[in-house]
Amino acid sequence: YHYYLAGCPNIFNIYYDYKFLVEKCGVSNLFYEGGGKTYNFEKLKGYLAARMAWDPGMSLETYIGHIKEYLYMYYGDGYEELYQYLVMQNEAGDQCGTCFVNNYDRPGDMYSLEYLAEHYEEMRALLCTAEEKATRPEYVERIKTMKYCFDWLGLSAVYKDWYVNGTEEQKALYVERYTDMFNYFHEINITIFSSDVYV
């Protein structure tokens with residue numbers, strides 16, 4: 001799990017993969033190996049995997065209900081915005097057009113950077129709204145961490161358009177967000193990249 005800031009966009013894959021394994025392959029026992037840092041939706045994935053193991057025949061509507069329930073419990077009143085962000089994050093993964101190994105592939109192999117560049121402001125606004133709606137300090141901190149992790153992806157995606165070839169206003173906004181992100185990561189001593197093995 002080298003790129004901790006970019007969670008794997010596979011939340012809906014959990015639903016479809018479990019159903020395929022149980023209904024088409026006859027699998028009766030599964031071991032879910034989740035993990036990584038909790039900067040994005042890693043705890044949600046473990047929760048959803050447990051729900052699917054308990055009830056692999058659930059409908060997609062029920063699965064989405066579990067997602068929203070968890071988002072409300074873990075992040076607070078901005079759960080609808082977070083759900084919309086999650087859907088867009090997974091769409092960016094679907095549009096990357098390649099297969100990848102979650103543990104070690106680069107963010108540009110897991111996400112369509114074109115999609116992220118096109119939707120960066122919209123997705124970031126969803127996170128900002130969710131942060132504003134948060135009523136408890138721990139909710140605020142969780143969403144804030146997710147927002148800056150998304151900035152790491154989003155700013156990478158818009159680098160040429162905003163910083164290299166952009167207007168002075170775009171360049172100034174890029175520098176402001178990059179500086180805020182850098183300072184926040186330094187403040188909380190976040191793990192950005194791990195190079196312990198297989199580098």
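**Reading the surface and the interior**

Tutor: We begin with the surface. Tyr159, Tyr163, Val164 and Val175 form a nonpolar patch there, with about 320 Å² of accessible area together. Please keep in mind that this is a predicted model.

Student: Which helix gives the most to the nonpolar patch?

Tutor: Helix α7, residues 137–164, gives the most, with three residues. Tyr159 lies in this helix.

Student: Is Tyr159 buried, partly exposed or exposed?

Tutor: The class follows from relative accessible area: buried is under 20%, exposed is over 50%, and partly exposed is in between. Tyr159 has a relative accessible area of 36%, so this residue is partly exposed.

Student: Let us turn to charged pairs. How many salt bridges are there?

Tutor: The criterion is a side-chain nitrogen of Lys or Arg within 4 Å of a carboxyl oxygen of Asp or Glu. By this rule the count is nine salt bridges. One of them joins Lys68 and Glu80, whose closest N and O atoms are 3.3 Å apart.

Student: What does the pair tie together?

Tutor: Lys68 lies in helix α3 (residues 60–75) and Glu80 in helix α4 (residues 79–94), so the pair ties together parts that are 12 residues apart in sequence. Lys68 counts as partly exposed because its relative accessibility is 24%. Glu80, at 36%, also counts as partly exposed.

Student: What is the N to O distance between Arg124 and Asp151?

Tutor: The side chains of Arg124 and Asp151 meet in a salt bridge at 2.7 Å, N to O. Arg124 belongs to helix α6 (residues 113–133) and Asp151 to helix α7, so this pair ties together parts 27 residues apart in sequence. Arg124 counts as buried at 12% relative accessibility, and Asp151 is buried with a relative accessible area of 0%.

Student: Which side chain does Glu131 meet in a salt bridge?

Tutor: Glu131 meets Lys147, with an N to O distance of 2.9 Å. Glu131 lies in helix α6 and Lys147 in helix α7, so the parts tied together are 16 residues apart in sequence. Both Glu131 and Lys147 are buried.

Student: Which residues does Ile67 touch?

Tutor: Leaving aside residues up to four places away in sequence, Ile67 touches Ile11, Phe12, Leu44, Leu48, Tyr83 and Leu86.

Student: Finally, how many aromatic pairs are there?

Tutor: The count comes to 16 aromatic pairs. The ring centres of Tyr15 and Tyr16 are 5.1 Å apart and the planes meet at 80°, so the pair is edge-to-face. Tyr15 is buried, with a relative accessible area of 5%, whereas Tyr16 counts as partly exposed at 46%.

Student: How is the pair of Tyr74 and Tyr75 arranged?

Tutor: Tyr74 and Tyr75 are edge-to-face, 4.9 Å centre to centre with 90° between the planes. Tyr74 is buried at 15% relative accessible area, and Tyr75 is buried at 2%. These two tyrosines belong to one aromatic cluster, which also includes Phe41, Phe150 and Trp162.

Methods: Residues numbered from 1 in each chain as written. Predicted model: local features only at pLDDT ≥ 70, side-chain atom pairs only at ≥ 80, totals over all residues. Heavy atoms only, no water. Patch = residues over 30% accessible without salt bridge, like charges linked within 9 Å, V, L, I, M, F, W, Y side chains within 5 Å. Areas by Shrake-Rupley, 256 points an atom, 1.4 Å probe, with all protein chains shown as cover. Helix = DSSP H or I, 4+ residues; strand = E, 2+ residues; numbered from the N terminus. Buried < 20%, exposed > 50% of the residue type's maximum accessible area, 1.4 Å probe, protein only. Contact = heavy atoms within 4.5 Å. Phe/Tyr/Trp six-rings, centres within 6.5 Å; stacked < 30°, edge-to-face > 60°.
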